Amino acid sequence: MSTVQQPEPGDRPARLAVGVVGAGRVGPALAASLQLAGHRPVAVSGVSDTSRRRAEAMLPGIPLVPPAEVLQRADLVLLTVPDDALPGLVAGLAETGAVRPGQLLVHTSGRYGAKVLDPALRAGALPLALHPAMTFTGTPVDVQRLAGCSFGVTAPEELRLAAEALVIEMGGEPEWISEENRPLYHAALALGANHLVTLVAQSMELLRTAGVEAPDRMLGPLLGAALDNALRSGDAALTGPVMRGDAGTVAAHVTELRRHAPQAVDGYLAMARATADRALAHGLLKPELAEDLLGVLANGSDGSDGTNGTNGTNGTEGNAR
């Protein structure tokens with residue numbers, strides 16, 4: 001449940017005409033959320049048929065127009081295009097005179113701070129970077145998920161309060177990120193959220209191969225508990241054969257993965273090494289067990305299971321618990 005206090009209607013700033021450039025999964029959801037807060041969506045631009053259908057579903061009755069016309073109509077413009085397209089879009093809008101002085105220009109890229117909007121700033125726009133730390137589906141459920149969602153906020157100091165107010169109006173929690181830390185901030189989110197999807201999808205595929213009929217039902221409670229424990233306790237929540245130093249079990253895993261899912265081996269080894277390093281650093285993995293384990297992980301890269309040359313494992317799983 002969100003702890004954010006929504007402003008009372010009498011306390012809200014003047015209502016703004018909102019435009020969206022880039023009707024992907026994020027822009028229409030943010031515009032719909034701002035509409036609930038009393039702002040007025042007036043125009044949307046989208047290129048693909050999918051984005052146009054999404055805009056019509058999320059913002060019914062709002063006209064679909066070219067980007068320059070969105071800026072003509074709107075006081076607050078959401079630039080919700082892919083990261084790599086953002087600098088060129090901003091430069092093009094500024095060069096063609098589409099940007100109006102005093103116009104709020106908001107991008108939702110995690111990678112960039114406010115400086116990517118400098119061409120628009122020179123044209124008189126007010127630049128804000130508001131990145132929702134949330135995964136989007138392109139459906140109305142996204143608006144509900146914004147309640148309590150953290151936003152990475154970067155803006156000139158004089159616009160900080162305005163940026164944070166917009167986030168709060170959408171039901172979000174503003175988190176200030178300095179300009180120089182935006183790439184690191186975004187890398188951290190990608191490491192956690194994007195890679196999590198890959199790991200879960202691989203795990204479900206392997207469970208199906210092992211004969212599990214409902215891998216989602218099996219993984220749901222386990223992964224939910226693991227995530228909750230990790231958020232509460234960090235590295236202290238580590239469990240499993242790597243943390244225990246069960247080199248034989250890890251070797252067996254690598255052997256089975258090579259047999260049934262060779263494409264998953266490199267990812268397993270990389271995550272196991274990272275887990276071993278963190279477990280050692282926090283005193284969770286006993287040093288006397290780490291040598292055999294690290295040998296398995298090193299040998300696993302060249303196709304060997306690493307068990308024959310290690311002390312105490314010899315291909316068995318005697319340490320498994």
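1. In this predicted model, L59 lies in the loop that connects α2 (49-58) with α3 (67-73), and L59 is buried, with a relative accessible area of 1%. Leaving aside residues up to four places away in sequence, L59 touches P28, A31, A32, Q35, P41 and V44.

2. S45, which belongs to strand β2 (residues 40-45), is likewise buried, its relative accessible area being 4%. With residues up to four places away in sequence again not counted, the contacts of S45 include V20, V21, G22 and A23, as well as V65, P66, P67 and V70.

3. The open sheet is formed by seven strands with mixed pairing, in the order β2-β1-β3-β4-β5-β6-β7. Because β2 and β7 (173-176) each have a single partner strand, they stand at the edges, and one side of each is left without a neighbour in the sheet. Neighbouring strands are turned against each other by 25° on average, direction ignored.

4. Within this sheet, β5 (residues 126-132) and β6 (residues 150-154) pair in the antiparallel sense over four bridges, and P132 stands opposite F151 in β6. Helix α8 (residues 182-209) packs on the sheet and touches β4 (104-107), β5 and β6, its direction making about 20° with that of β5. Helix α7 (residues 160-169) lies across β3 (76-79), β5, β6 and β7, and runs at about 145° to β7.

5. For helix α9 (residues 215-233), the 19 residues should span 27 Å at 1.5 Å a residue, which agrees with the 26 Å between its end C-alpha atoms. The residue that follows α9 is G234, whose phi is positive, near 60°.

Notes
Residues numbered from 1 in each chain as written. Predicted model: local features only at pLDDT ≥ 70, side-chain atom pairs only at ≥ 80, totals over all residues. Heavy atoms only, no water. Helix = DSSP H or I, 4+ residues; strand = E, 2+ residues; numbered from the N terminus. Buried < 20%, exposed > 50% of the residue type's maximum accessible area, 1.4 Å probe, protein only. Contact = heavy atoms within 4.5 Å. Expected span 1.5 Å × (residues − 1). Pairing = 2+ DSSP bridges. Axes fitted to C-alpha atoms, helices over the stretch in contact; angles between N-to-C directions.
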